[in-house]
Amino acid sequence: LLSYLSFPCRYFRWWYKKTRIEKKSAFIDLLCAVPLQQIYGCPLGGIGGGTITRGWRGEFCRWQLKPGIYHYETVIADQFTVCLRCKGQTVYQQVLSVERPSTLQGWNWGYCGHYAFYHALYPRAWMVYELPGQNVVLTCRQVSPVIPHDYKDSSLPVGVFIWEVENGRDEDVDVSIMFSLQNGTGAKEDRSGGHWNEPFALEKGGERVAGVLLHHCTHVNPFTLAISAREKAGTVVTHLTAFNPMGMGREVWQDLLQDGRLDSPAGKSSPTEKGEVTAAAVCASCRVPAHGHRTLELALAWDMPCVHFGSKEKLHLRRYTRFFGSRGDAAPALSHHALTHYQEWERKIEMWQKPILENSQLPSWYKSALFNELYFMTDGGTIWMELPPDCSAEDVQGPAGAGLSHLLPVLREYGRFAYLEGQEYRMYNTYDVHFYASFALVMLWPKLQISLQYDIAVTVVNEDVQPRQYLMCGQTAQVKLKNVVPHDIGDPDDEPWQRVNAYLMHDTADWKDLNLKFVLQVYRDYCLTHDSLYLRDMWPVCQAVMESEMKFDADNDGLIENGGFADQTYDAWVVKGPSAYCGGLWLAAVCMMCKMAKMLGDAEIQQKYTVILSKGKEAFERLLWNGKYYNYDSSGSNTSSSIMSDQCAGQWFLGACGLDQEDFEV
């Protein structure tokens with residue numbers, strides 16, 4: 001008890017050393033939490049290439065380009081501006097933002113929010129602007145390439161903005177949409193100097209795309225942003241290579257106001273001086289006939305192909321480099337691909353979503369949650385990395401992973417995938433909660449779930465004998481035991497995959513749920529993918545983790561016991577003795593061991609776990625069922641008879657795999 005009471009002192013000492021001496025960020029920062037801002041909307045970008053989030057008011061306000069590291073900053077220069085012209089005269093020019101900033105005061109800000117509407121159904125979002133007094137309606141449809149069972153375009157760091165223009169006037173209107181963007185993310189590196197912009201145009205397959213490249217030349221993880229528009233019959237694309245986003249911005253405003261176009265200077269801009277910031281703009285213009293409709297298509301792409309994590313030890317290539325190269329010059333090709341393929345993406349997105357949206361048996365809130373909560377698949381600090389071409393089996397297997405015969409082919413073909421527990425819980429593939437989220441991955445991108453499981457399996461069979469102190473209890477133990485599932489595969493501010501278990505609160509080698517959740521996912525994955533090679537590779541690992549779990553059944557009654565501390569995913573809840581949650585997961589895992597053994601013809605293992613299942617079911621009912629529900633645990637404490645909402649998680653997983661009836665019913 002005294003050890004737990006001294007946790008605040010231990011945490012503060014660790015936090016001070018990490019943040020003030022090592023100059024790193026804490027993996028869980030209890031002292032400097034990110035303030036809550038209810039401003040965020042649908043993020044831009046595919047899986048694993050970084051994300052840029054727009055707010056529901058249209059602002060560009062959250063940046064995750066450095067892998068797993070977030071920067072929360074609204075960059076005021078990043079805007080869409082509309083210009084309307086009739087009979088050769090500009091009649092309306094407005095930044096489509098409700099802001100009234102202290103910079104760029106030469107622009108017309110303060111759009112009335114009463115005339116704008118936001119909708120999102122991930123990975124798309126819609127912003128509707130009913131331009132006051134103009135009888136013109138703009139609808140900006142935002143699209144990102146997040147497409148189930150697609151392992152190419154779903155990796156691309158791009159977003160497309162399709163502007164539908166409806167002219168309700170009795171006369172033609174010339175409409176221009178200007179997209180302005182600062183070179184950077186609003187961080188201090190924007191002022192570090194050496195950044196520069198240049199115009200580009202790319203014609204391929206009869207399609208031409210033009211815009212501006214903004215080269216952000218930092219020492220670590222440099223990147224290029226690209227703003228562009230699609231040229232087509234009746235659409236003119238112009239640009240401004242560079243302007244000062246910290247100034248009044250009058251030269252940009254007057255340039256657009258004069259003729260609804262930008263001057264399109266040739267050549268590169270000069271590199272910025274230290275302390276200086278630069279921005280660029282691209283403009284798409286067309287004539288919309290009276291009571292007619294036209295479309296303008298713009299895009300944002302970002303190219304950060306080669307990345308270092310916080311330790312800067314290894315260089316990693318993002319997934320999209322397999323298709324677009326790793327030289328850092330892919331932004332024009334990415335822009336062109338996005339603007340010429342977004343219609344195909346939307347067809348596939350609609351085919352995926354339509355059956356669910358049209359299912360009258362499902363409530364609206366559920367449909368919304370199913371799709372809109374998927375944003376975390378891309379915006380969860382997500383990384384999707386290629387395996388280096390010279391990587392050998394020994395490099396990824398470690399000393400004890402030789403039995404995973406299909407590990408290398410899977411990782412070579414589909415790469416490595418990881419996402420954070422949360423933006424403020426900075427640990428990759430936190431396994432106790434991935435257990436729940438994994439349904440989204442295995443149902444939509446099953447090969448990424450298989451890849452993730454292989455990474456976990458490699459970690460299971462290897463160990464890390466380095467000692468360290470755990471903050472909650474103050475005890476010292478090794479980082480990772482053999483034949484135990486890790487809590488996570490590392491911190492993006494360190495070196496994920498190489499150094500696992502960034503979680504320092506508890507020694508998770510004594511957690512009761514991690515090993516069980518591995519077994520449950522293995523069989524569930526097989527159920528949904530029918531990948532027998534995967535099942536055979538994972539079978540010895542399942543046996544190893546279950547054998548490791550046996551030590552928690554001290555009285556040999558077929559049911560594991562919790563240890564009297566927070567030894568499972570609910571890591572602030574003490575559990576003692578047999579419990580509904582961990583006991584139920586255990587029985588479900590034992591059941592799946594019986595099923596897998598039968599399928600693989602392992603009669604000895606099947607018999608072993610059949611006996612355990614029979615004993616364990618009887619003990620579970622006898623010790624936990626109170627006539628109405630299963631008790632939280634069997635400790636007899638004042639919380640023992642609590643109703644835990646997650647008490648049947650094991651049964652839920654069995655049901656998802658069709659194992660909740662007949663021979664294998666638990």
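UniProt, in an unreviewed entry, lists residues 41–345 under "domain: Glycosyl-hydrolase family 116 N-terminal". The model looked at here is a predicted one.

Now for the surface. A nonpolar patch is formed there by Phe-12, Tyr-16, Ile-21, Leu-30 and Leu-31, and together these residues have about 520 Å² of accessible area. One of them, Tyr-16, belongs to helix 2, which spans residues 7–21. Tyr-16 counts as partly exposed because its relative accessibility is 43%, and partly exposed covers the range between under 20% (buried) and over 50% (exposed).

Helix 2 turns up again at the largest pocket. This pocket has a volume of about 1,400 Å³. Its lining takes in 49 residues, and those nearest the centre are Ser-25, Lys-66, Ile-69, Tyr-70 and Asp-493. Two or more lining residues come from each of helix 2, strand 3 (60–64), strand 4 (71–72) and strand 23 (425–428). Helix 2 gives the most, with three residues. So what does helix 2 bring together here? The helix holds Tyr-16, a member of the nonpolar surface patch, and also supplies three residues to the lining of the largest pocket.

Technical notes
Residues numbered from 1 in each chain as written. Predicted model: local features only at pLDDT ≥ 70, side-chain atom pairs only at ≥ 80, totals over all residues. Heavy atoms only, no water. UniProt positions renumbered as here; feature names shortened; annotations may be inferred. Patch = residues over 30% accessible without salt bridge, like charges linked within 9 Å, V, L, I, M, F, W, Y side chains within 5 Å. Areas by Shrake-Rupley, 256 points an atom, 1.4 Å probe, with all protein chains shown as cover. Salt bridge = Lys/Arg side-chain N within 4 Å of Asp/Glu carboxyl O. Helix = DSSP H or I, 4+ residues; strand = E, 2+ residues; numbered from the N terminus. Buried < 20%, exposed > 50% of the residue type's maximum accessible area, 1.4 Å probe, protein only. 1 Å grid on protein atoms, 1.4 Å probe; cavity = no way out; pocket = protein on both sides within 12 Å on 5 of 7 lines; lining within 4 Å. Points joined across faces, edges and corners; volume = space filled by probe spheres on them.
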